[in-house]
Amino acid sequence: ASQETIRTALAMGGDRGVLVQADGEVQPLAVAKLLKAVVEKESPDLVILGKQAIDDDSNQTGQALAALLGWSQGTFASKVEPGDGRIGVTREIDGGLETVDLTLPAVVTTDLRLNEPRYASLPNIMKAKKKPIETLAPDALGVDIAPRLTVLKVTEPPKRKGGVKVASVDELVARLRDEARVI
C-alpha cells in the first residue's frame, strides 16, 4: 500500500521515491528519527510534511524532525512563499493569520488549504511505474524504532450532566459559588 502511495506521488510529479519499510507500530519519534536519517542522506533545503498522521492523529513528527535536525520550522502552513535562502509560511491561528519568515533549511508541516493536488494523468501514471523507489530498512539507517510509549488503558470521559436555566444573575452567581465552587 505504501508503494502505491509513492507511485501516486511520482505520477503527480515526483522524480523518485524512498520507502523506509518497517513492520509493526512506528511511533512519531521513531518516524522523525527515520526521516532525519533520510534527510541527512539526501541533503534537502526544505522538508514538507503533513500536519498530522491519519492513524494516531498525533501531530508530532514534523516538530520532532525539526528539533532533531536543529532546523527552522513552520507548522500548519496554508501558504508558502519561497525566497532567497528563506521561506515565508502563512498559518492560521486563533486570531486570524500569522506569517513567519524562516531561514533555510527548514521543516514545514501543511494544512489542508495549502494547495490543490494536481491530477495524475494516464501518461504520468505509466511513467511513474518506471521511476525508482529506493527501499530501506530502519537498521540500514541506523535507527532503533522500538516503541518508547505504552498505552496502559483508554477510557471514555464521564457523561456530562444536563445544563440548567437560571432566572437571574444572582442565582447564577450563587450556583457558581455554592454548587460548582468555581468562584
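## Terms and basis

Two strands count as paired if DSSP finds at least two bridges between them, and strands themselves are DSSP runs (E, at least two residues), numbered from the N terminus. This is a predicted model, in which local features need pLDDT of at least 70, side-chain atom pairs count only at pLDDT 80 or more, and totals for chains, interfaces and linings use all residues. Residues are numbered from 1 along each chain as its sequence is written, and side-chain values use heavy atoms, with hydrogens and water left out.

An open sheet with mixed pairing is formed by five strands, in the order 2-6-3-4-5. Its edge strands are strand 2 (46-50) and strand 5 (96-103), each of which pairs on one side only.

## Strand 3 and its partners

Strand 3 (residues 72-82) runs antiparallel to strand 4 (residues 86-93), and five bridges join them; within this pairing, A77 has R91 of strand 4 as its bridge partner. These two strands form a hairpin with three residues between them, and in the turn G85 has a positive phi of about 75°.

With strand 6 (residues 106-110), strand 3 pairs in the parallel sense over four bridges, and here the bridge partner of Q73 is V107 in strand 6.
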